[in-house]
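Please look over the sequence and the 3D structure below. A short report on the main features follows.

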Amino acid sequence: MSYMRSFNANDGTMKLRIDFDLSMDPDIAEVFSEIRVNRALPQLPPSVRAQGVTIAKSHVAPLMIIALSSPKGSWDATFLANYANINIADPLTRVRGIGSVVVQGAGAFAMRNWVKPDRLAGLGVTVPDLVKAIEQQNTVNPSGQVGAEPAPPG
């Protein structure tokens, strides 16, 4: 390892960039990084482990930049960024040779929950109960395409 840098955002995400000597095989560097991450995982908070830790080898020079726009202004920046996260980023990441895909601009859709403590108490629900229910239902379930295999014809 030559050096490393940490990028921390106010949305709770953190990126750790590790630069290795140019003579180092990128595959071996990735394996070394995975070993270190796996040693650190038990020390991370459960919410971080649930969100997941991703390791990817990449070069810092961008290969391509794609701009999305709404010609008639019918879609805002948040919608376009969410569209890119759902429909463009994952398929591009699966292309052989692509190390990472970064969606810039507006962030992904998010929801903030405001609770009224007196209403919760009246319903006999505690804040930990509410957090647990939200965590159980907060999943990403990719559905595929309507009418695609393995659906029967018609």
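Is Asp19 buried or exposed? Asp19 counts as buried, at 15% relative accessibility. Here buried means under 20% relative accessible area, exposed means over 50%, and partly exposed lies in between (1.4 Å probe, protein chains only).

## The model and its confidence

This is a predicted model, in which local features need pLDDT of at least 70, side-chain atom pairs count only at pLDDT 80 or more, and totals for chains, interfaces and linings use all residues. Residues are numbered from 1 along each chain as its sequence is written, and side-chain values use heavy atoms, with hydrogens and water left out.

The mean pLDDT of the protein is 81. This score is the predictor's confidence in each residue, from 0 to 100. A value of 70 or more is reached by 86% of the residues. Among the elements, helix α4 (residues 117–123) has the highest mean pLDDT, 91. Helix α2 (residues 46–51) has the lowest, 80. Where pLDDT is low, the predicted coordinates should not be read in detail.

## Overall layout

The protein has five helices and two strands. Along the sequence they follow the pattern β-β-α-α-α-α-α. These elements are DSSP runs, numbered from the N terminus: helices are H or I with at least four residues, strands are E with at least two. Of the 154 residues in the protein, 7% are buried.

## Salt bridges

How many salt bridges does a search of the whole structure find? It finds two. A salt bridge is a side-chain nitrogen of Lys or Arg within 4 Å of a carboxyl oxygen of Asp or Glu. Side chains of opposite charge can pair when their charged atoms come close.

Asp19 forms a salt bridge with Arg5, with the closest N and O atoms 3.4 Å apart. Asp19 lies in strand β2 (residues 14–19) and Arg5 in strand β1 (residues 3–8), so the pair ties together parts 14 residues apart in sequence. Asp19 also meets Arg17 in a salt bridge, at 3.0 Å from N to O. Arg5 is partly exposed, with a relative accessible area of 34%. Arg17 is partly exposed at 26%.

## Helix α1

Helix α1 (residues 26–40) has 15 residues. From its first C-alpha to its last it reaches 21 Å, close to the 21 Å expected at 1.5 Å a residue. The expected span is 1.5 Å times one less than the number of residues.

Which residues of α1 are buried? They are Ala29, Glu30 and Ser33. Seen down the axis of α1, the buried residues fall within an arc of 100°, so they line one face of the helix. The arc is that of the directions from the helix axis to the C-beta atoms. The face turned away from the buried side of α1 carries the exposed residues Asn38 and Arg39.

## A nonpolar surface patch

Leu63, Met64, Ile66, Leu68 and Tyr83 make a nonpolar surface patch of about 530 Å². Leu63 sits in the loop between α2 and α3 (77–93). It counts as exposed, at 73% relative accessibility.

## Loop contacts across the sequence

Ile55 lies in the loop between α2 and α3. Ile55 is partly exposed, at 27% relative accessibility. Ile55 and Ser100 are 45 residues apart in sequence, and their C-alpha atoms are 9.7 Å apart in space.

Val103 is in the loop between α3 and α4. At 29% relative accessibility, Val103 is partly exposed. The C-alpha atoms of Val103 and Asn85 are separated by 6.7 Å, and the two residues are 18 residues apart along the chain.

Conventions: Patches are made of residues with over 30% relative accessible area and no salt bridge: like charges are joined within 9 Å, nonpolar side chains (Val, Leu, Ile, Met, Phe, Trp, Tyr) within 5 Å. Accessible areas come from the Shrake-Rupley method with a 1.4 Å probe; for residues, only the protein chains shown count as cover.
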